[in-house]
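Let's take a walk through the salt bridges of this structure. Have the sequence and the 3D view ready, and follow along.

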Amino acid sequence: MAVFKVFLGTAVMSTQITDVSPSNQNLAQRLGISLTEYQHICQNLERVPNYAELSIFSAMFSEHCSYKSSKKFLKRFPTTGKRVLQGPGENAGVLDIGSGWAIAFKMESHNHPSFIEPYQGAATGMGGILRDVFTMGARPAASMNSLCFGTMDFDRTQSIVKGVVKGIGDYGNCVGVPTLAGQTLFHSCYNRNPLVNAFTLGIVKANQIFRGFAEGIGNAVIYVGAKTGRDGVHGATMASKEFSTDKELERPTVQVGDPFTEKLLLEATLEAMKEQLVIGIQDMGAAGLTSSSFEMAHRAKTGLEIDLDKIPARESGMAAFELLLSESQERMLLVTTPEKVAPLKEIFKKWDLHAEVIGKVVSGNRVKMTKQRQVVVDLPVELVTEPLLANRASSPPVDLKQRWFLDRNRMLVATLQSKFQSLIEELNFANCEPLITQYDSMVGNRTVGGSQDDAGVIRVREMGEKEVRLALKTDCNPRVTWLWPREGGRRAVSECAINLAVRGAEPIGITDCLNFGSPENPEVIWQFEESIEGISEACQALKIPVVSGNVSFYNDTDGKPVYPTPMIGMVGIIEDKLPLPHSNFYSTQLELALIGPVEGGLGGSLMASSWFKRECGQPEETDLALLDRMLKFLQRLRKKKITYAAHDISDGGLLCSVLEMAFHSPYDCTGVDLHIPSGCDLDRFLFGETIPRIIVAYDSVERGDIENLASQAGVVFTHLGQTNDSSIFAVKQGGAQVLSSKLPDLKSAWNQKWKKFFK
Amino acid sequence: MKIGIITFPGSNCDDDVYDSLMRSGGFELTKLWHKDTPELSDYKLIVLPGGFSYGDYLRCGAMAARSPIMEKVIEFAKRGGLVIGICNGFQILCESGLLPGALARNLSLNFICKDIKVTVETSKTPWTQTIEARSTLNLPIAHGEGRYIISEEDYQELIKNGQVVLTYQDNPNGSTHQIAGLCNKEKNVFGLMPHPERASDLRSKDGLKIWQSLKSFLGQQS
């Protein structure tokens, strides 16, 4: 038995412990296990766990693996629907897309590692989500990412942005999965805790879905992929603690990714599945071999016997607890029948990968692990996989009413020009091209519509003649969620739905990535609970099921939580062959109309934040019934087979949306004349962010038809103005010009903003 | 018309080339494995697809250029067989000595993926014989190391022999003399950084023009 020193955060324990050393309360506490939990373990085990076993509990009882604070709330999500083939609880959710084909998708966070080591943190986040999808048997076909960074005045922001973007790019580009779209935003609440959420969708035959079951007594348990090293040991525990300013000392807990090995593992795994050589499979993600083995046994209600000496290790002398908790990347655990072991190994050998039988499935409900013929772990599966749920206190912030106060008078006295200027200078109103051109958005020969549109669109080329297209979008508005978590949840879902609909797609399912502060903070639990209610309300109203997801708590730095950020990833389907609508001013002779309420709410708007330098005002509640009508209007508009452009109104209000449509125009001379409808509040019309509001642009001959459709659908149609070739952006009220600016100048400011990150 | 598409460990555009040639029609496609050494004489064309062969470790294309199948490809090319290398395939062609010059890191040091415009410099190659010289093709690029470099002396040699096939209109990576694609002196080996297979039916169809030219060339031969 190897003797080793134990790293616990920054302290190195002076006493030397072995895997089989008995544990005690102090040790348990230092590994993040509470006294109640420790007593629960000892009582059920009828003995004291040894150090290796304690390490297993430490990882599996961590918030990251156990969902002990979130489980009861997550049950509120609607998770069923006619397309759902696999709901939450597996590596990824699966939806039927017809003709015998399905899609598997999920979103995951890699926030903490990305602050400690941005490049590897983001890269391994990509690796993890890709494996989650291909373990289901699906070939990854598209990725997206949602990134929340700190502001430029924080000295590390630039290097974090650079590292994260390069990490995502280098990994995804090499594996050959296009990164299509997503969301990037900047706010000081993310200075020391950036959010890196990665989404991947894969294509799978509906009758060839694989799951994480260790089934069949006597079957072989096989380790495949890269060797196990000491990287990432106690990573799940690290991700379940708040950041302190000396967090950078925790660098050894961040894993290192190798996209080349991932690509080989992807091909070998899919080939083995195609040859029907796999019974159950799971990625070794957080808590590595520990979580994959216990969870697979748990799902199949079986036991496992594992010989830790058989694990391909990168270095000699690794202790059992290190082998068990290593988060070395690009590894999987696989179960198959004894006679399929040889052909399976042959496939992995072809791809130059390790495949070693490390144990077998046994009856009963215990996982036993040996090292040098000594039993080092002997635990009942349920004790590990069903931790005590944490009962967390919940309470709303005391200053909620103050947060909802918005000083309209201060806004009314300011000139339109000055408000306009503050938006133009806003870091969050910028061209994301310098960032997204670093991602390969086209590999796979599937990409129909790119990253600059409201949503990314791919085709499912596997389906041949019956090829459908899928639209993908991730979204969350943390400003709104901080002010009113329930509306934030509603809005994240609503925003995604409207983004998909303007691209012509019908929303069919969502995955989530819920990024919050410490669950030990009652205000955070209140935010969490309320956000989930909001998400559920919107999902129910729009009949969109939640099929997979991830919770990331402890996004705090020095006791201060990030803004609640319940990120939503939504998938929509386009089953017809009609051309996609435009999302820009595709001509200089278009008429513009606003569909939806003429005015929007200023509470939580980008305008309010940039003007008052803080979030304020009560966000207006999304009218979900109206949203449903709007989605139907957009579907009918598409079926009219006319040419038009559509773009939704969100951050920065109508004004920013019109500018974006102009900036993406293929003509440098594009100009816009915008008429303010009589009797409306200028600020609320131009800068309000109530959902749903959209802009449509079309040839003037189509106006009657579109107006009729709107009235039939029960959505308001308001004429807005037209495009021209003056290259001037002009806003007019009752004949008088209230704002005028040169579009090329505005565009150049919008273009330049993020370039500085990548110098 | 039998076409072989090689899969190296880390190739990720092999399926895309397959898909694109299928959509173009008229080809019989076979995928070849890097560890094999098949007889290539009945193939009309060998494709080295894009991707990150051997993880692009060491140097892009360096390890793939020394893999077992490349001995056969080099033999095939020396006998006049048509070989096209796209992106990583172009890097492999340079590393294996079938094409002159080398590909270095983009001037911006960043990976760049976008639709760009290239000028077809010559119609006097099998790859462009049905495309008008000086015409523009809309093709996507996606690479981190696509900056083509060659000495001025060797460049003059390329010009003299009409080997420069494609040039960038807005040099995205800082290539010497905007070179985006070139062939050997005999014109049977062609390397290019843009991806014609990604422009066969989505966004742009200009990639098909290269396949059509090939088809016409091979049709004349048989």
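A quick word on terms before we start: a residue is called buried under 20% relative accessible area, exposed over 50%, and partly exposed in between. Keep in mind, too, that what you're looking at is a predicted model.

Chain A has a mean pLDDT of 92, with 95% of its residues at 70 or more. Residues 1-14 of chain A are another story: pLDDT stays under 50 there. The model still has 33 contacts beyond four places in sequence for that stretch. Where pLDDT is low, though, the predicted coordinates should not be read in detail.

| Pair | N to O distance |
|---|---|
| A:Glu462 and A:Arg446 | 2.7 Å |
| A:Glu599 and A:Arg684 | 2.9 Å |
| B:Arg203 and B:Asp115 | 3.4 Å |

Start with the salt bridge between A:Glu462 and A:Arg446. These two sit 16 residues apart, in distant parts of the chain. A:Glu462 is in the loop between strand 17 (456-459) and strand 18 (469-475) of chain A, while A:Arg446 is in the loop between helix 18 (433-436) and strand 16 (447-449). A:Glu462, at 28%, counts as partly exposed.

Next comes the salt bridge of A:Glu599 with A:Arg684. A:Glu599 lies in the loop between strand 24 (591-595) and helix 22 (606-612) of chain A, and A:Arg684 belongs to helix 25 (residues 682-687), so the pair ties together parts that are 85 residues apart in sequence. A:Glu599 is partly exposed, with a relative accessible area of 24%. A:Arg684 has 21%, so it is partly exposed as well.

Now hop over to chain B, where the side chains of B:Arg203 and B:Asp115 meet in a salt bridge. Because B:Arg203 lies in the loop between strand 11 (189-192) and helix 5 (206-221) of chain B and B:Asp115 in strand 6 (residues 112-120), this pair ties together parts 88 residues apart in sequence. B:Arg203 counts as partly exposed at 39% relative accessibility, and B:Asp115 does too at 44%.

**A network to finish on**

Some salt bridges share partners, and they join A:Arg459, A:Arg461, A:Glu467, B:Asp16, B:Asp19, B:Arg23 and B:Asp201 into one network.

Terms used:
Residues numbered from 1 in each chain as written. Chains lettered and ligands numbered in written order. Predicted model: local features only at pLDDT ≥ 70, side-chain atom pairs only at ≥ 80, totals over all residues. Heavy atoms only, no water. Salt bridge = Lys/Arg side-chain N within 4 Å of Asp/Glu carboxyl O. Helix = DSSP H or I, 4+ residues; strand = E, 2+ residues; numbered from the N terminus. Buried < 20%, exposed > 50% of the residue type's maximum accessible area, 1.4 Å probe, protein only. pLDDT = per-residue confidence, 0-100. Contact = heavy atoms within 4.5 Å.
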